[in-house]
Amino acid sequence: MIRPSLIATALLLLPALSLSAQDARDVMIRSLAQESRVSYAGYQTTVVTEGGKVRRAAQIVKRRAPDKLRIEYLAPQRLKGELVVDDGTRLRRSIPALRVVEEGPSRLHRSLERHQNRIRDLREGKRTVTLIGEGSLLNRPVTIVQLSPSKPDRPTRTLWLDHATGVALRVEEKSPGGRTSVTSFARITFDPVLGDAEFRLDLPSGFTVVPAHMGRPISLQRAQQIARGQWGGLPMPSLVPAGFVLTSAHQLSFHEHPVLALRYTRGRDDLSLFISDSAGEPFTAPVQPRVNVYQRPLGRVLITLVGTPSTAQLAQIAASIAIPSQPGSPQLPVVSRGSAH
Amino acid sequence: MAAACCGESWLIMWNRISWKCGGTTRCLGEYLDGTLSRRRRHAVEAHLRGCGACRRELESLRRTLVLLSDLPRRELSDNFEAALQARLAGMPPTRRPAQPWLSLSRLAPSSAPYLRAPMPSETRRWAPLGALAFVAGALAVWNVQPPSSGSPDHRQPSAYVRMVVREHQLTPGADMNSTVVSHNLGGDPLGDGDDE
């Protein structure tokens with residue numbers, strides 16, 4: 001028999017629980033509403049952990065209300081010197097190492113456009129927001145809330161929201177696949193003076209403008225699904241140089257034809273396998289330092305290997321690729337065999 | 001060369017180029033623009049599957065389009081058209097050839113002396129055949145054996161190859177950058193919109 005005292009305690013706690021859920025939603029809604037009104041500048045770090053590998057970045061971030069953003073990378077060496085500017089109309093990313101400026105529509109503008117929908121979803125309880133607690137970050141009081149994902153394959157986000165401004169001083173993200181990322185301000189100043197020049201990225205001399213990065217990361221299962229529909233299966237090598245590990249899959253397109261990319265890495269060495277419809281004569285050559293290309297037609301499919309291994313090694317890898325004879329059969333993990341690099 | 005190009009004699013190659021390849025190459029521009037009818041598109045694709053020369057021609061066209069799209073756009077000044085017309089009006093009239101038929105330049109307004117008279121009818125009749133002969137000769141000279149495994153290719157990389165190389169180079173930094181930008185889109189704390 002349930003003791004009356006327990007029932008009384010539960011009845012007393014129930015409103016408190018509802019209140020905290022309401023508080024979490026209110027905090028989130030307030031943060032969204034204030035977001036376009038606050039300017040700030042700060043030093044920020046990002047740590048990404050995936051597959052046992054940890055990657056770090058450090059950047060200076062400047063935000064001018066309502067819709068201007070600037071990110072200047074200080075680390076790692078691979079990103080250092082890159083600059084991202086979103087001026088509310090377009091987003092440009094300058095990559096000096098490649099003498100390229102990527103360009104695409106403003107992501108900030110697109111995000112702000114969806115504010116009302118998000119606020120409505122929160123008010124209607126369509127998104128679950130949990131109040132984790134109160135705390136302090138950079139000597140500023142913060143409210144910590146956690147947002148459950150809208151779809152099973154989306155990440156869970158935890159935000160440390162500044163009481164005074166609603167700005168997320170820290171963001172933690174955990175994906176179902178095990179990838180975690182944490183972005184946190186180490187220093188921040190609110191309402192700094194930020195001129196127009198800060199949010200203008202002119203094309204440097206000798207640089208080329210290219211469309212914003214096309215490859216969208218997808219799961220390997222999704223890549224297999226797409227490849228089955230297009231080509232009867234996903235061609236994968238059974239032989240790669242020792243140490244290379246399959247790290248990601250991406251979906252892109254070329255002249256409206258689908259292209260899949262599988263990415264293998266080994267330290268600072270990279271190898272990409274592109275799968276597309278077959279067309280044209282195969283091409284094989286070093287195209288840049290540390291970038292060799294080898295193409296091989298495989299029936300209706302064109303295999304293109306790009307990376308640091310030599311063209312002879314790429315040819316060996318390509319020779320080990322076959323389309324699985326049985327669609328739907330699970331892919332074996334890639335075993336790193338073959339001659340050392 | 002003919003055998004290397006089409007595996008056939010020069011005469012058969014010429015016939016193929018004149019009739020089948022000529023028809024296909026004339027459509028390649030519309031094929032790339034996606035404006036061909038479905039029936040015509042299938043016919044072009046069927047021909048491309050069996051003809052390396054036309055596939056090379058298609059690739060060359062694609063490369064040209066990519067090169068053109070990479071050129072920076074220049075904004076015309078407000079008075080560009082007026083300045084152009086003024087300059088054209090000030091140009092001396094060109095000498096008109098002695099031709100018994102009406103030429104476009106006689107029909108055109110006086111401000112258009114830069115228009116050329118049309119070619120004589122004999123030239124008009126043989127010009128396409130002459131152009132086809134030139135294209136056939138160029139294709140035959142241009143045809144190269146496919147590179148053997150591992151040996152370097154001396155051709156320029158196609159637009160597709162350039163795209164995948166760029167994609168390969170951009171991916172490592174792009175992943176981290178995408179995370180940083182996403183985390184800094186304060187308006188997307190739900191993380192469900194801008195990543196799709």
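Biologist: Before we start, what should I know about the model and its numbering?
Modeller: It's predicted, so local features need pLDDT of at least 70 and side-chain atom pairs count only at pLDDT 80 or more, while totals for chains, interfaces and linings use all residues; side-chain values use heavy atoms, with hydrogens and water left out. Residues are numbered from 1 along each chain as its sequence is written, and chains are lettered from A and ligands numbered from 1 in the order in which they are written.

Biologist: OK, what is chain B made of, helices or strands?
Modeller: Eight helices and zero strands, going by DSSP runs numbered from the N terminus (H or I, at least four residues, for helices; E, at least two, for strands).

Biologist: And how much of chain B is buried?
Modeller: 36% of its 196 residues. Buried means under 20% relative accessible area, exposed over 50%, and partly exposed in between (1.4 Å probe, protein chains only).

Biologist: How many residues of chain B are in contact with chain A?
Modeller: 50 residues of chain B, meeting 81 of chain A, where contact means heavy atoms within 4.5 Å.

Biologist: How much area do the two bury between them?
Modeller: About 5,900 Å², with 58% of it on carbon and sulfur atoms. That's the accessible area (1.4 Å probe) the two parts lose on being put together, summed over both.

Biologist: Which helix of chain B gives the most to that side?
Modeller: α8(B), with 25 residues. α4 (52-70) and α8 (159-184) of chain B each supply at least two.

Biologist: Is Cys54(B) buried or exposed?
Modeller: Buried, at a relative accessible area of 2%. Cys27(B) counts as buried as well, at 10%.

Biologist: Last one, over in chain A: where is Ala164(A)?
Modeller: In the loop between β9 (156-162) and β10 (168-174). Ala164(A) counts as exposed because its relative accessibility is 55%.

Biologist: What is Ala164(A) in contact with, leaving aside its neighbours within four places in sequence?
Modeller: Gln34(A) and Arg140(A). Ser31(A), 133 residues from Ala164(A) in sequence, is 9.6 Å away, C-alpha to C-alpha.
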